[in-house]
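Let's walk through this structure together, starting with a term and then moving from one residue out to the whole chain.

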Amino acid sequence: MNERLRIAINTGGGDAPGLNAVIYAVTMAADRRGWEVYGIRTGYKGLFDTDEIIRLTPEKVAGIVSLGGTILGTTNKGDPFNMPVKNAVGDVEVRDVSAKIVSNFKRLGLDVLIAVGGDGSLRLANRFAQMGIPVVGVPKTIDNDLASTVITFGFDTAVTTSTEAIDKLHSTASAHERVMVVEVMGRYAGWIALNSGISGSADAILIPEIPFKIDSVCKKITDNELHGKDYGIVVVAEGAKAEGGELVRKENVEEGRQEVLLGGIGEWVAREIHQRTGKDTRSLVLGHLQRGGSPTTFDRLLALRFGAAAVRFIAEGKRNVMVAACPPTMEAVPLAEAVEKMKSVPLDSDSILTARDMGISFGD
Ligand code: F6P
């Protein structure tokens, strides 16, 4: 296919280490085919206010593969079907600006949008696909919770950061004979908690897929003393909940934000452990540290492969698909199907079995 295509790319939702590597791969792979690439700033906002579009060239993206964040900016308040915009008198009102985005896309002579995002952003991309914007999705999330792809980039970096933090907590917990409770991200899936908890030798890992009994967690901590260990490490996924309990969420939801903000379960678990065992207990929330910094080698390579595959699929004429990692290859799966399914930790997974064999408690 010798057509000189004009490709747009945006990054939406929470950032994830590896976004810049995708932008780099797309730019390089498109440039060598003689295509043009345009970066849309701040999710879909750049297609509403088209001053926010930048031409991406090999010179422009040189050196960005190792950078965290995204040179295009991102937002999780950028739903164009419910976008807060200023009206003629300066008041902010929520409007559906999707039709304007579609008409701007066409007016600019763009051929395909590469939408790099998690479940929320890819669902938006799918709505635009139905409205006539040809889309190729690239899955991104530190949460690793998209079903159609074996893995998403950003996850390995988040797990690495969490594991390093847990490693450091062992010495201070041991010095003070304390229990340290670490809350990690992941939304409704326990992948980050599970992988970092096993790798960091936690005593207990609490994940959304296994509602926990706080007494079981306490028993694990006090049983440590039977074999001479007088401290404990508990890793809690932000979406974990006690049996019969509720998700713990934050109240301060910003204007325009669609999704609930989770957080606070770690503090609750720490308080309960202290009250029930009498042990000194502290909690910490790793929060956005997990999304920051340079992507690991694994995430860089994965992100580069996602970006290159997106361009290859476009060259093959594929549209309205999502690039999915199906080792050893990348596959194009229908976008509409890909955005429907979430990936939870399977309870019979090898990692769960490994954790149990290491004596790690899930509080069940
Ligand atoms: O989806 C990625 C993620 O980091 C979740 O793990 C977390 O719940 C959420 O985003 C936090 O969002 P925000 O960046 O708006 O605080």
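A residue counts as buried when its relative accessible area is under 20%, as exposed when it is over 50%, and as partly exposed in between, using a 1.4 Å probe and protein chains only. This is a predicted model, in which local features need pLDDT of at least 70, side-chain atom pairs count only at pLDDT 80 or more, and totals for chains, interfaces and linings use all residues. Residues are numbered from 1 along each chain as its sequence is written, and side-chain values use heavy atoms, with hydrogens and water left out.

Is I54 buried, exposed or partly exposed? I54 is partly exposed, because its relative accessible area is 24%. This residue sits in strand β3, which covers residues 53-56; strands are DSSP runs of E with at least two residues, helices are runs of H or I with at least four, and both are numbered from the N terminus. Beyond its neighbours within four places in sequence, I54 touches V37, Y38, G39 and L72, where contact means heavy atoms within 4.5 Å.

Now for the whole protein chain, which has twelve helices and 13 strands. Buried residues make up 54% of its 364 residues. Among contacts with a separation of 6 or more, 73% join residues 24 or more positions apart. Along the principal axes, the C-alpha atoms fill a box of roughly 70 × 50 × 35 Å.
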